[in-house]
Amino acid sequence: MMRKKPKHSVTINGYTYRWDSDNDEELDAIFFAWADRDWLTWLKEHLHFPFQAKRVDDDDDAYFEKGVAGQPFRLGSTMTIVGLSEMNEDVDLDFDGVIVDAKHGQRTKDVPLQDLEVVPPDDPNYGPVMEWVVRYANR
C-alpha cells in the first residue's frame, strides 16, 4: 500500500501530532495506534472552531466542467470551518470520511474534512486535521 506522507509533524500545547517518519517501524506504530482511535470523539476534543481551511482535494467530477473552477467550496477555495456535521453520526467514517460544516460568505455547505488543509499551518487545528487526512488516505 502506498502511504501519503506529508513532511511535517507539529507540537501544540504539549501534544505532538505525527504523521511522517523515515522509520517504517515508527510509522507503522503511528498507524497502528490510529486504528483503535475513536476518530469522531478525538476530533471533537482536538478541533477548535471556527478555523480557516483550503480545499486541496476534490473528487467531484464537476470541478472539470467549465465555470466551476474557483467556485465557493471547490478545489482551491478557502472557507471557514464552523463545526463537525451532524451527518457524521449516521455515516461510515472509513467510507464517507468526516464531514464538516463550512461557510463561505453567507453560504454554508457540508465538506469532507479529508479534502481540506488548515491555513495557516501554525493554526492549532493543523495537526489534528493532518492526522485525520493521512489516516483516511491510508485506511
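A crossing of two helices is left-handed if the near helix is turned anticlockwise from the far one by less than a right angle. In the predicted model, the crossing of helices H2 and H4 meets this criterion and is left-handed. H2 comprises residues 39-46 and H4 residues 126-137; the two pack at an angle of about 160°, and their axes lie 10 Å apart. Because angles over 145 degrees count as roughly antiparallel, H2 and H4 are assigned to that class.

The contact involves Trp39, Trp42, Leu43 and His46 on the H2 side, which meet Pro128, Glu131, Trp132 and Arg135 of H4. By class, 5 of the residues in this contact are nonpolar, 1 is polar and 2 are charged. An α-helix has 3.6 residues a turn, so residues three or four places apart point the same way.

The end C-alpha atoms of H4 are 16 Å apart, in agreement with the 16 Å that its 12 residues should span at 1.5 Å a residue. H4 is largely enclosed by the rest of the structure, because 11 of its 12 residues are buried. Among the buried residues are Pro128, Glu131, Trp132 and Arg135, which also take part in the contact with H2. Tyr126, Gly127 and Tyr136 are likewise buried.

Lysine 103 is located in strand S5, residues 99-104. Its relative accessibility is 33%, so lysine 103 counts as partly exposed. Apart from neighbours within four places in sequence, lysine 103 is in contact with Phe73, Met79, Thr80, Val82 and Thr108. The C-alpha atom of lysine 103 is separated by 9.4 Å from that of threonine 78, a residue 25 residues apart from lysine 103 along the chain.

Terms used
Residues are numbered from 1 along each chain as its sequence is written. This is a predicted model: local features need pLDDT of at least 70, side-chain atom pairs count only at pLDDT 80 or more; totals for chains, interfaces and linings use all residues. Side-chain values use heavy atoms; hydrogens and water are left out. Axes are lines fitted to C-alpha atoms, for helices over the stretch in contact, and angles run from 0 to 180 degrees between N-to-C directions. Helices (H or I, at least four residues) and strands (E, at least two) are DSSP runs, numbered from the N terminus. Angles under 35 degrees count as roughly parallel, over 145 as roughly antiparallel, 65 to 115 as roughly perpendicular and the rest as oblique. Contact means heavy atoms within 4.5 Å. Ala, Val, Leu, Ile, Met, Phe, Trp, Tyr, Cys and Pro count as nonpolar, Asp, Glu, Lys and Arg as charged, and the others, Gly among them, as polar. The expected span of a helix is 1.5 Å times one less than its number of residues. Buried means under 20% relative accessible area, exposed over 50%, partly exposed in between (1.4 Å probe, protein chains only).
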